[in-house]
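Please look through the model below before reading on.

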Amino acid sequence: MSSTEDLDYPQILFQYNNGFLVSKIMFTACELGVFDLLLESEGPLSSDAIAERLGTSASGMERLLDACVGLKLLGVEMKSEGAFYRNTELSNLYLTKSSPKSQYHNLMYYSKTVYLCWHYLTDAVRDGKNQYERAFGVSSKDLFEALYRSEEEMIKFMYGLNAIWSICGRDVIGAFDLSPFTVIYDLGGCAGGLAQECISLYPNSTVTIYDLPKVVQVAKERFVPAEERRITFHEGDFFKDPIPEADLYILARILHDWADDKCMQLLAKIHKACKPGGGVLLVETLLNEDKTGPLETQLYSMNMLVQAEGKERTPAEYSKLLAAAGFREIQVKKTGKLYDAILGRK
């Protein structure tokens with residue numbers, strides 16, 4: 001029997017079709033505070049108790065909890081009084097707000113922002129451009145004015161990005177030995193999650209977060225402790241404003257936002273500013289050279305279509321951009337996680 005005959009196509013399509021429903025169940029349980037309540041409780045709770053404490057209908061909550069059990073986000077224990085629910089290890093670690101590795105803010109950003117853009121995916125494929133105007137009624141002529149269209153939206157994005165670096169940051173910062181680079185600029189460093197991973201792993205280094213003035217202001221107020229002297233800030237637009245000299249420049253989830261011409265513009269500017277012997281570290285999710293995956297990266301590339309101006313790329317495509325800007329000794333390291341690292345030297 002051939003491999004294609006072994007496939008249960010209706011079941012595969014059924015799973016794909018239900019992907020949206022699965023996401024919404026997880027988003028809703030997070031938003032209502034189900035996982036936080038169960039973390040704080042002294043033991044498993046009944047659906048009626050959870051519904052009463054979270055202010056929801058009993059019937060709706062019971063169905064939500066049962067769906068979470070099916071998704072392995074909750075465990076259930078049957079007692080004489082009925083079903084009692086508890087968090088799984090996964091939900092305690094990633095879905096409760098208080099966990100150091102919490103993905104709550106990232107999930108809420110997807111629920112409230114990303115999914116609204118994806119509603120217009122057909123239009124994005126037809127038009128070849130992002131969908132902020134249809135989704136939110138704002139112009140995307142300036143991409144980050146659209147992305148940060150309100151302070152609330154900007155803060156959601158910043159919390160979400162820090163959530164990603166809480167589980168991926170150490171892997172990409174440790175992919176290469178960066179200890180020789182003591183003066184580091186994190187371009188588009190946002191809330192500072194990756195900068196904090198960097199100084200933790202390389203205590204003799206200093207990291208300057210270079211970002212838009214309003215991002216820097218919020219990062220100082222909410223994310224980076226004032227007593228942390230190894231992290232400093234530089235306000236500006238790195239496309240328009242000068243880039244200071246440094247040993248290493250980090251571009252984490254930056255180039256995937258932009259088309260090749262803008263990537264080349266930025267990389268050439270960095271190469272000019274970089275100290276001899278210095279380098280640039282790209283942190284991106286990488287496509288396979290033969291276009292077979294990974295699926296997560298292919299989906300992210302679609303997200304770049306609906307939300308940005310760029311795309312995800314292969315290691316060869318990033319290496320080509322780096323070489324064209326003058327960087328050499330280009331190395332690629334796969335981390336085995338969502339994000340990988342590419343280092344180029346001047």
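**Notes on the model**

1. The C-alpha centres of domain 1 and domain 3 are 37 Å apart. The assignment divides the chain into domain 1 (4-94), domain 2 (104-159) and domain 3 (169-345), with bounds that come from an automatic or database domain assignment. The model is predicted: local features need pLDDT of at least 70 and side-chain atom pairs count only at pLDDT 80 or more, while totals for chains, interfaces and linings use all residues. Residues are numbered from 1 along each chain as its sequence is written, and side-chain values use heavy atoms, with hydrogens and water left out.

2. Residues 15-96 are 62% helix and 17% strand, with end C-alpha atoms 26 Å apart. For residues 118-328 the figures are 46% helix, 13% strand and 38 Å. Helices (H or I, at least four residues) and strands (E, at least two) are DSSP runs, numbered from the N terminus.

3. Helix 13 (residues 193-201) has Gly193, Leu194, Ala195, Glu197, Cys198 and Ile199 buried, that is, under 20% relative accessible area with a 1.4 Å probe, protein chains only; over 50% is exposed and in between is partly exposed. These buried residues pack against helix 12 (151-173) and strands 4 (183-187), 5 (206-211), 6 (231-235) and 7.

4. Asp257 sits in the loop between strand 7 (248-252) and helix 15 (260-273). What is the nearest side chain of opposite charge to Asp257? It is Arg253, 6.7 Å away, and Asp257 is buried with no salt bridge; a salt bridge requires a side-chain nitrogen of Lys or Arg within 4 Å of a carboxyl oxygen of Asp or Glu. Lys and Arg count as positive and Asp and Glu as negative, with His and the chain ends not counted. Beyond its neighbours within four places in sequence, Asp257 is in contact (heavy atoms within 4.5 Å) with residues including Leu143, Phe144 and Met304.

5. Twelve salt bridges are found in the whole structure. Asp123 pairs with Arg134, the closest N and O atoms being 3.9 Å apart; Asp123 is in helix 9 (residues 121-127) and Arg134 in helix 10 (residues 132-136). Arg134 also forms a salt bridge with Asp127 at 2.8 Å, N to O. Arg134 is partly exposed at 41% relative accessibility, and Asp127 is partly exposed at 37%. Shared partners join Asp123, Asp127 and Arg134 into one network.
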